[in-house]
Amino acid sequence: MTEINKDLIFKNWSKILVVILAFLLLLQCNNSSEAIAEAKFQKKEAEKHLANAELFQQKNEDLIKKESKYLDTIANLESKNNDVQKQIVIVKEKGKVEIERIKKFKSSEIAKYIQDRYKTDQNNVATTSNGTIISDTIAKKMIVEVTEGDICNEEVFGLNEIIYNDKEIFKQKDGIISNVKEQNVNLLSAIEEYKKADELKSNALENTEKAFRKERNKKNIYKITTVLAILGGGYLLIK
């Protein structure tokens with residue numbers, strides 16, 4: 001560097017200092033404005049995510065309440081079904097015993113059973129050496145009962161198929177419920193992630209505000225320094 005340049009810098013050092021400080025102040029002001037804008041944006045985003053998280057949580061709580069009612073209803077129906085199944089077993093066992101007893105009837109016992117069942121007398125049911133004789137009236141009643149029994153058997157067969165299909169439907173519904181539960185778990189996990197994101201953003205916001213305060217303090221220092229430099233430069237120029 002030449003002697004002329006050194007001398008020029010030395011003579012104008014105060015002016016150069018003022019220009020440098022002014023440039024730094026302008027730069028810091030711009031940085032502070034950007035920091036404020038970023039802080040406002042992060043606050044809005046944090047509020048939005050928090051509102052969404054609370055909404056999801058409320059929806060999940062409502063779903064859990066409904067699910068609890070469904071489970072209670074299912075448990076009640078299953079209990080009733082168990083009672084009915086036990087009753088069916090009892091009826092079947094009694095039926096087997098009764099059928100075995102009827103198979104051993106003698107003619108007189110057969111006649112007595114028919115008379116008691118159809119509330120009739122010996123005019124419609126009689127016992128001979130060849131067996132039991134019944135009138136057409138009693139025979140028709142017996143045929144009607146047998147036919148109704150056949151119809152009932154067909155209905156029972158159909159109902160059993162319906163019951164089987166209902167069980168399969170319940171299995172599919174259980175799968176759906178399981179799927180919904182998994183979705184709820186995923187949703188809760190998503191909410192937790194939102195909360196973590198909000199926390200991180202809050203931390204970032206806090207750090208930004210701290211940085212802004214530091215920059216503001218620096219700005220004040222630069223202002224004071226600038227004033228002193230101007231005063232010093234002015235003093236030197238006057239002198």
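User: What is the relative accessible area of F105?
Analyst: This is a predicted model: local features need pLDDT of at least 70, side-chain atom pairs count only at pLDDT 80 or more, and totals for chains, interfaces and linings use all residues. Residues are numbered from 1 along each chain as its sequence is written, and side-chain values use heavy atoms, leaving out hydrogens and water. Buried means under 20% relative accessible area, exposed over 50%, and partly exposed in between (1.4 Å probe, protein chains only). F105 counts as buried, with a relative accessible area of 16%.

User: Which element supplies the largest share of the lining of the second largest pocket?
Analyst: A pocket is an open set of points on a 1 Å grid over the protein atoms alone, where a 1.4 Å probe fits and protein lies on both sides within 12 Å along at least five of seven lines; lining residues have an atom within 4 Å of a point. F105 and Y113 are among the lining residues here, as are I102, M142 and E145. Helices (H or I, at least four residues) and strands (E, at least two) are DSSP runs numbered from the N terminus, and both α3 (107-118) and α4 supply at least two residues. The largest share, 5 residues, comes from α3.

User: How many charged residues are in the lining of the second largest pocket?
Analyst: Ala, Val, Leu, Ile, Met, Phe, Trp, Tyr, Cys and Pro count as nonpolar, Asp, Glu, Lys and Arg as charged, and the others, Gly among them, as polar. The lining has 8 nonpolar residues and no polar ones. The charged residues number 2.

User: What is the volume of the largest pocket?
Analyst: Its lining has 22 residues, with L77, N81, I163, K167 and F170 nearest the centre. α2 (13-103) and α4 (136-238) each give two or more residues, and α2 gives the most, with 12. By class, the lining holds 11 nonpolar, 4 polar and 7 charged residues. A volume is the space filled by probe spheres set on grid points joined across faces, edges and corners; here it is about 940 Å³.

User: Which residue has a positive phi although it is not a glycine?
Analyst: Most residues other than glycine have a negative phi. The exception here has a phi of about 50 degrees and sits in the loop between α3 and β1 (125-128). This exposed residue, at 76% relative accessible area, is K119.

User: What distance separates the C-alpha atoms of A126 and A111?
Analyst: A126 lies in strand β1 and is partly exposed, at 30%. Leaving aside neighbours within four places in sequence, A126 is in contact (heavy atoms within 4.5 Å) with G131, T132 and I133. A111 is 15 residues away along the chain, yet the C-alpha separation is 6.5 Å.

User: What pattern does the protein chain follow along the sequence?
Analyst: The chain has 4 helices and 2 strands. Of its 239 residues, 14% count as buried. The pattern is α-α-α-β-β-α.
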